[in-house]
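This report describes the fold of one protein chain, from its overall dimensions down to single residues. The sequence and the model come first.

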Amino acid sequence: MSLPNITLISFGFFEQDFLEQIAKAVQAEFDFTVNIREGRIELGEYYDPARRQYNGNTLISIVDSMTFPESNKILGLFNVDLFIPILTYIFGQAYLNGKSGIASIYRLSNERYGMPKDEQILLDRTKKEVIHELGHTFGLIHCDNPICVMRSSTYLEDVDQKRQNLCHNCKTKLEIIF
Ligand SMILES: [Zn+2]
Ligand SMILES: [Zn+2]
């Protein structure tokens, strides 16, 4: 049995340092080692011209079809506007208790909302969304604690309100899972 491992795959361009910082935060929260890989898929195939967004349901199934023998969980990181049919947009989604999740930085940057660019804020928000989606893959559902990373976020303000950590309750559930 190999050590528990998470693969973080970047689809699109991300600075190596940015990815490493996310990997570090994930590792700190779940105590899994994290591998960073570069994904190569033709994103155009998942573009919905009517919505001018990318289909999150299809993309997560593509990520889920990838196998890394050393890896228990996979998180695909994107920089495109993701949607699922029932929602206007999503920051990310995951298979509850499954192998895979996806997240996008597209709607996490200040610039998207007409505010000045801030790399640190973008990094913090991305860490939260990535950890949140991975939490789902570990079987965690949404949490009512307003600062818990498993709190659902519909708007950017929700993301900013929470921390990048699991609350005590969620942490305990996670330990039961392991
Ligand atoms: Zn969620
Ligand atoms: Zn919680």
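A compact globule of 178 residues would have a radius of gyration near 16 Å, and the 15 Å of the protein chain agrees with that. The model is a predicted one. Along the principal axes, the C-alpha atoms of the chain fill a box of roughly 45 × 35 × 35 Å. Buried residues make up 35% of the 178. Of the contacts with a separation of 6 or more, 63% are between residues 24 or more positions apart.

The secondary structure consists of five helices and nine strands. Read from the N terminus, the order of elements is β-α-β-β-β-α-β-β-β-β-β-α-α-α.

**The core**

The largest nonpolar core contains 37 residues. Leu8, Val26, Leu75, Leu77, Val130 and Leu134 have the most contacts inside this core. Two or more residues each come from strand 1 (5–10), helix 1 (16–30), helix 2 (56–65), strand 5 (73–78), strand 9 (100–104) and helix 3 (119–137). Helix 1 gives the largest share, five residues.

Apart from its neighbours within four places in sequence, leucine 75 is in contact with Ile6, Leu8, Gly101, Ala103, Val130, Glu133 and Leu134.

**Helix 1**

Helix 1 has 15 residues, and the distance from its first C-alpha to its last is 21 Å, close to the 21 Å expected at 1.5 Å a residue. Which residues of helix 1 are buried? They are Ile22, Ala23, Ala25, Val26 and Phe30. These residues lie on the same side of helix 1 because they cover an arc of only 165° around the axis. Gln16, Asp17 and Lys24, on the other side of the helix, are exposed. The buried residues of helix 1 pack against strand 1, strand 2 (33–38) and helix 3.

Four strands form an open sheet in the order 3-4-6-7, with mixed pairing. Strand 3 and strand 7 (87–90) are at the edges with a single partner strand each, so one side of each has no neighbour in the sheet. Strands of a sheet pair through backbone hydrogen bonds, either parallel or antiparallel. Strand 3 and strand 4 run antiparallel and are joined by two bridges. Aspartate 48 has glutamine 53, in strand 4, as its bridge partner.

Arginine 51 is in the loop between strand 3 (47–48) and strand 4 (53–55). Arginine 51 is 34 residues from proline 85 in sequence, and their C-alpha atoms are 9.8 Å apart in space.

**Positive phi angles**

Most residues other than glycine have a negative phi.

| Residue | Location | Phi |
|---|---|---|
| Aspartate 31 | just after helix 1 | about 60° |
| Arginine 52 | loop between strand 3 and strand 4 | about 55° |
| Asparagine 97 | loop between strand 8 (92–94) and strand 9 | about 65° |

Are arginine 52 and asparagine 97 buried or exposed? Arginine 52 is exposed, with 9 other C-beta atoms within 10 Å. Asparagine 97 has 12 other C-beta atoms within 10 Å and is exposed as well, because the cut-off for an exposed residue is 12 or fewer.

Notes
Residues numbered from 1 in each chain as written. Chains lettered and ligands numbered in written order. Predicted model: local features only at pLDDT ≥ 70, side-chain atom pairs only at ≥ 80, totals over all residues. Core = buried A, V, L, I, M, F, W, Y, C linked by C-beta atoms within 7 Å. Buried ≥ 20, exposed ≤ 12 C-beta atoms within 10 Å, placed from the backbone. Contact = placed C-beta atoms within 7 Å. Expected span 1.5 Å × (residues − 1). Arc of directions from axis to C-beta. Rg over C-alpha atoms; globule rule 2.2 N^0.38 Å. Pairing = 2+ DSSP bridges.
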